[in-house]
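Here's a quick tour of how some parts of a protein chain pack together. Have a look at the sequence and the model, then work through the points below.

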Amino acid sequence: MRKSNKALGVFLSVSMMLTLAACGAKPAEQPQTKPETTTSGAKPADKTYSIGISQFVEHPALDAIEKGIVDGLAGAGYEDGKNVKVDLQNAHADMSNTVSIAQKFAGDNKDMVIAIATPTAQAAAKAIADKPVIFSAVTDPVAAGLVGSLDKPDKNVTGTSDKLSMKKQLELVKGFMPNLKKLGVLYTTSEVNSGVQVQELEDAAKEMGVEIVKAGVSTGSEVQLATQSLVGKADAVLIPVDNTVVSAVEGVLMAAEAAKLPVFASDTDTVKRGAIATYGIDYYKMGKQTGEMAARILGGQQITQTPVEVSKEADLYINEQAAAKFGLSIPEDLKKSAKEIVK
């Protein structure tokens, strides 16, 4: 019995030692759990994102973009009031306001800033270097100093561009007015995107034997007077994608209608408001495209891997009443190819 008890005691002692050793050791073959990573399009369920939206001025095209942005985000799962808090600010076409808004967003430490139009995008890019800045409706992001390349943004900034062919717009004007010799253009001298369009228009006009007569403004209050300055100097007027001029387009139309000076546009909403025709893009769709891009970046996609997206679609819009008001008939070929004829 003693021998048996002694053997049992030795066995129990050895077993306890092995058990204690096992408790303090790390299993060599234990699989390691990798930390979770956020994939493109995914969103953490426990985070509410703070997004600042800076809009340069209130007018239908930019308003449509803002709505599209919010809808694009919501469609990707980032819904305002649920997991996103949107702070919308409007600069009212005041350059100093764009700077103040950008600085406020930087101070608020927004997770992302979305800037609608070139001046607000430039202000945001200058004020914010450590968070994503997404722009929309910037005609030439490279000329505006926002990106070094459309294909590979090199900073914290990317977005969507509404660049359209000014040559095509000039061809449209000549479609209505084959004997066009002088075309007036209203633009804001301080807006980079406007300067780019005017230069492209001048280059196209040289090839087509048309003289461009420029009328520059600095504020919306100058637009009507600038239009009047073109009376007798131009056969027609073209408004580029220019936020200041478009926001005051009623002044353009008032002065132009009184002088029977035909007005053409570069955005669809201005045609609906009284210009004759344009090859334009759907700005709501552009806003939605911007919102979807913003959602991908919130989900983890790198800015440097997010090329600037340029709208490829430009449809013909014609305002039938405006054409008649300015004494122009609509050519049959343009009538057939129009996406919409505003009655």
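Let's start with helix α4, residues 118-127, in this predicted model. Its buried residues are Thr-118, Pro-119, Thr-120, Ala-121, Ala-123 and Ala-124. What do the buried residues of α4 pack against? They sit against β1 (49-55), α3 (95-107), β3 (112-116), β4 (133-136) and α6.

**How α5 meets α6**

- Two packed helices are described by the angle between their axes and the distance between the axes.
- Helix α6 covers residues 192-208, and α5 packs with α6 at an angle of about 55 degrees, the axes being 8 Å apart.
- That angle makes α5 oblique to α6.
- The α5 and α6 crossing is right-handed.
- On the α5 side, the contact involves Met-166, Lys-167, Leu-170, Glu-171 and Lys-174.
- Those residues meet Gln-197, Glu-200, Leu-201, Ala-204, Ala-205, Glu-207 and Met-208 in α6.
- Sorted by class, this contact of α5 with α6 has six nonpolar, one polar and five charged residues.

**The nonpolar cores**

- In soluble globular proteins, nonpolar side chains tend to be buried together.
- The largest nonpolar core here has 53 residues, and Phe-176, Leu-183, Val-263, Phe-264 and Ile-276 touch the most other members.
- Leaving aside neighbours within four places in sequence, Phe-176 is in contact with residues including Phe-264, Ile-276, Ile-318, Leu-328 and Pro-331.
- There's also a second, separate core of 45 residues, with Phe-56, Val-57, Leu-73 and Ala-91 among them.

Technical notes. Residues are numbered from 1 along each chain as its sequence is written. This is a predicted model: local features need pLDDT of at least 70, side-chain atom pairs count only at pLDDT 80 or more; totals for chains, interfaces and linings use all residues. Side-chain values use heavy atoms; hydrogens and water are left out. A nonpolar core is a set of buried Ala, Val, Leu, Ile, Met, Phe, Trp, Tyr and Cys residues joined through side-chain atoms within 4.5 Å. Buried means under 20% relative accessible area, exposed over 50%, partly exposed in between (1.4 Å probe, protein chains only). Contact means heavy atoms within 4.5 Å. Axes are lines fitted to C-alpha atoms, for helices over the stretch in contact, and angles run from 0 to 180 degrees between N-to-C directions. Helices (H or I, at least four residues) and strands (E, at least two) are DSSP runs, numbered from the N terminus. Angles under 35 degrees count as roughly parallel, over 145 as roughly antiparallel, 65 to 115 as roughly perpendicular and the rest as oblique. A crossing is left-handed if the near helix is turned anticlockwise from the far one by less than a right angle, and right-handed if clockwise. Ala, Val, Leu, Ile, Met, Phe, Trp, Tyr, Cys and Pro count as nonpolar, Asp, Glu, Lys and Arg as charged, and the others, Gly among them, as polar.
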